[in-house]
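Please open the model in your viewer and keep the selection tool at hand, as this tour goes from one selection to the next.

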Amino acid sequence: MRRYMLYGLLLIIILLAGCSTSDKKDAEGDVKLPSFQKITVSNPASEVVTFTVSPDGNLYILEAGGLLTVYKNDGTLMHEYENTSDFIAVCWHDGMVYAYDAVKQQIVALDTKDGSIKKITDELKAEEILKLASAGEYIYALAVPEVHNYELGPNGYINFGEILYRINPKTGEVIDTNETNIIAIYAASDGKLYYYAYRDDAYALYTFGTKDGKSAKLYNLDDIGYITAFVYENDYFIYSDHEKVVMLNLSDNTEKVIEEPILILCGNDMTFLKGNIIYFGYYTDKPNAINSVYIEDINRNSHADISDIDNDDKKNKEYKEFIEAAEEKGSVAVSIPFSKVYINSSIVKRISGIKTVFISQNIDNQAVLTEIMAGNPDVDIYITTPASYLAEGVLSKGIYVSLNNSEIIKNYKDKCFDYIADAMTAPSGDIWMLPLQLDSYVIWYIPENIEKFDIDLEEFRYLDDFLKLSERMPRTGNYAAYVETPYLFARSLEDQYDMTYNNFKEKKVNYETPLFRDLFDKMWSGWIMYSPNSRHPLFRSSHDDYKGELMEESARFDKTRVIYKYDSIGEQLNMSSLDGWRVLPMPRLNSDVKKNSVNISCAFINPHSKNKELALEYLEAITKVPFDYWSYTCVLLFKDKEMYADRYDITQPAFEDIYNIVKDGMINSRCGFYINGNIIDDYQNGRLTLDEAIALIQREAEMWLNE
Amino acid sequence: MNNKRFKLKVFALCIPGLAGFIMFFLWPFGKSLWYSFIDDVFHKNFVWFDNYRMVLGNRYFRLALRNTLIFSFVGVGLLLIVSLALSMGLVRLDRRYHFMKSAFFLPMLLPTVSVIFAWRLVFDNDVYFAWMKDGGPLLQTLPIYVLYIWKNSGVNIILLTAALSQLPGEIIEAAELDGVRGLKLFRYVTMPLITPVMFFVGILSFVNSLKIFKESYLFYGTNYPLDAAYNIQYYMNNHFLKFNYHNLACASAIAAIILAIIISLIYKIQNKFTEDVSI
């Protein structure tokens, strides 16, 4: 009897050992992709923010402007949870979904059975949670106190001042682990917490003792550099930089690219379940082609993908044709004054074979102009705006390469609005630049709310009426009417004045008029600083905590709460939808002002470049994918509305409104003159009277033009 | 032969210095002069004296030049008077207090930005701002004059005290025996003897007066200060910022010519004065 019991026990042990071995084998071999079906996020169709997966494979997806929604792994929508629109990070722990409520700045727990939400912690004072992870009996939160307060370090390291909190879900106790320089965390299936950090001038993988709270370095991973998210299972380190997902076998140091080009923003967007990497990201070179995907956002083409490519699908055929990459031709150095994350260089590479090498551009236009005039050959293409000092200098000195020889660019110019085509033309008649994107600030409003508050649309037409309107808008409660970036609003009004009444090219400038005097007084004597409606407390400012009240960025796109707002077209198009919105031009100074000012970005070729032909080909390639080269912006350059059909919802009335505004836009051209901020400061602190301030502005303008 | 070899040796030893002079002064100066005769650095069309005509005809250039010359003459004059008066006092001090000469030199060693920071604490207030607005050119530029004198008096004091302490005692004694004292002694005996040093100090002060742009720019905090403070360096700097190298080159060429004329006049007067004194 005892012998049989022993044999039975041995059998069980062998079986158990066999199971664990097979798990390891799964991980050791190719990443196995289960046959999940395509799931379309449809209720509401907007951008996926983050997600978590329960052990049985259900997806809990948080959508921008929407609710936490649970889908079965076959795409069946199971349930929407109420009161979850303020969540920004989620994780599964012990049968509940734990989330970070961005408004209350607390960790809460959602009971998936009845949808009840329970507060777990007190206020964490974190603007952003990069990752919530469940390891052992604790939940770990990688928090960023202030997103905009970051430092750039060596080797590509970006220090957001992350704090790793350990939260006891039972007691709500929050402990700062005092671990620093953490970039990403991951709670593995072995119950341990791992983190990737930059310390002692090197990137490395560490483990964090969930019991003793002590860290130990596991692997030096300095070759990888800065990443956004990772998974560590069975000695496989699967990570995402901003271009691809790579699986690194740490035991033999072999690497495999799982997916590219894809942008995964942070740890909330990548996880692991039973041998599968589940991630959600932005495909940067598949604008319209869609693989079989795990989660698909039909509006934004952002999805989590763990499935195989289905070759029979028509769209996948398109994708296969699309990905026939051109032969590699070389590389072009592009100087950009912002992060390269916003540029889809892979799409240009795919269609032209030209790789992009990014060079960070000095934000000081004069320094860049000096660089060009000094004959810097290291940059092939500069990106700037035609209204900038740099562009003015380039045009006046003739330091650009003429694009006249390119029929492709000439045709592109013919498709643009007339004023954009004019901006593309230098005084010599040459085409000097290629426009890349266009944006403008306009008034967005919700018709139902306008009616509710008895607002006449005519009140948005002129500045005086608009200011009176803003005075009577509610300051508290659930509705808001506001101006995003009041400083920009004021400067835009100055632009209107300059473009209507001043002519810098002919040196005719007059600020000593009653109109400008009145405008200056209205803007700088208090409306910007003190107006109660220049910023509604409902809306969070990225730079201040207006009057000590918490605000929520997500409400900015909430149709149920916004009455009207002055905001950019690009932000709305990228962060939300046009459905339910209408658009008006920004208020005008008076009836002499006929057009809305617009900002466009453009690219021109450096005359000292050694790769001028390749740079020209690069620009020609951009013209083939004008909507995809630049992320998080809008491209409203073209006369033909049908050109926008694939990218924007042109059936929406709001789109028609936008089109009509930008059709008659104007690009500011001050030739580099700006009103001195010191004059504004001295006026605001009482050292200068209004007349003295205006006189000084006039004096400076005259000196600038005539010295 | 030896003479020739000696000259060659001397020339060889001068080469490093000459090379630096050519590379860092002559060549840039020549290039700058060339810029003043072309339309811009890209098209490089020779335009003869058109740029000079344009610059000389520009009222802001004339304003800047006038302000520069006024500041130089008034500032140098005041500086010389202050330095001489302090030197006369320091020379009479006991040896134990000679360290005080060094104290006057300290302002020159201080970083400009720190100095301006302190200057603004003193002058950047509502009362002075009101004076500056309504006052004349002197009040508007008073901080710069004070700063210039405070910063540059140290070097002058050292040179002048050295000259004063080396005056031949017997001449002074002889003059005193003849009943010449006080102001007359200073005017007819001391001044003529220290004239060469005075001229040198004057030229040095003049050159330093042209370097006041840094302090002025930091103090006023703008490319377009009040009219009285707008000097030639502002004009040149603004054109540099706009990459109008032809205007910049013209302005610097004109300024260089005017300064060369002034300095050569000073030397002529100095030589004449020195002759008269020797006679």
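**Where the chains meet**

In this predicted model, select chain A and chain B together: they bury about 2200 Å² between them, and 53% of that area lies on carbon and sulfur atoms. Next pick out Lys397(A), Arg687(A) and Glu707(A), which together supply 37% of the area that chain A buries against chain B, more than any other three residues. If you then select every residue of the contact, you will have 21 residues from chain A and 26 residues from chain B.

**Charges and polar pairs**

Now select Arg699(A) and Asp227(B), which form a salt bridge whose closest N and O atoms are 2.9 Å apart; the count between chain A and chain B is one salt bridge. Across this interface there are also 10 residue pairs in polar contact, with both residues at pLDDT 80 or more.

**The side of chain A**

Which elements of chain A give two or more residues to the side that touches chain B? Select α4 (365–373), α5 (389–397), α15 (677–684) and α16 (690–706) of chain A to see them, and stay a moment on α16(A), which gives the most, with seven residues. Coloured by type, the residues on this side of chain A divide into seven nonpolar, six polar and eight charged.

**Chain B by itself**

Finally, select chain B, whose secondary structure comes to 12 helices and zero strands. Of its 279 residues, 41% are buried, while the chain exposes about 16400 Å², with carbon and sulfur atoms supplying 70% of that area.

Conventions:
Residues numbered from 1 in each chain as written. Chains lettered and ligands numbered in written order. Predicted model: local features only at pLDDT ≥ 70, side-chain atom pairs only at ≥ 80, totals over all residues. Heavy atoms only, no water. Contact = heavy atoms within 4.5 Å. Buried area = accessible area lost by both parts, 1.4 Å probe. Salt bridge = Lys/Arg side-chain N within 4 Å of Asp/Glu carboxyl O. Polar contact = N/O pair within 3.5 Å; in protein donor to acceptor, adjacent residues only side chain to side chain. Helix = DSSP H or I, 4+ residues; strand = E, 2+ residues; numbered from the N terminus. Nonpolar A, V, L, I, M, F, W, Y, C, P; charged D, E, K, R; others polar. Buried < 20%, exposed > 50% of the residue type's maximum accessible area, 1.4 Å probe, protein only. Areas by Shrake-Rupley, 256 points an atom, 1.4 Å probe, with all protein chains shown as cover.
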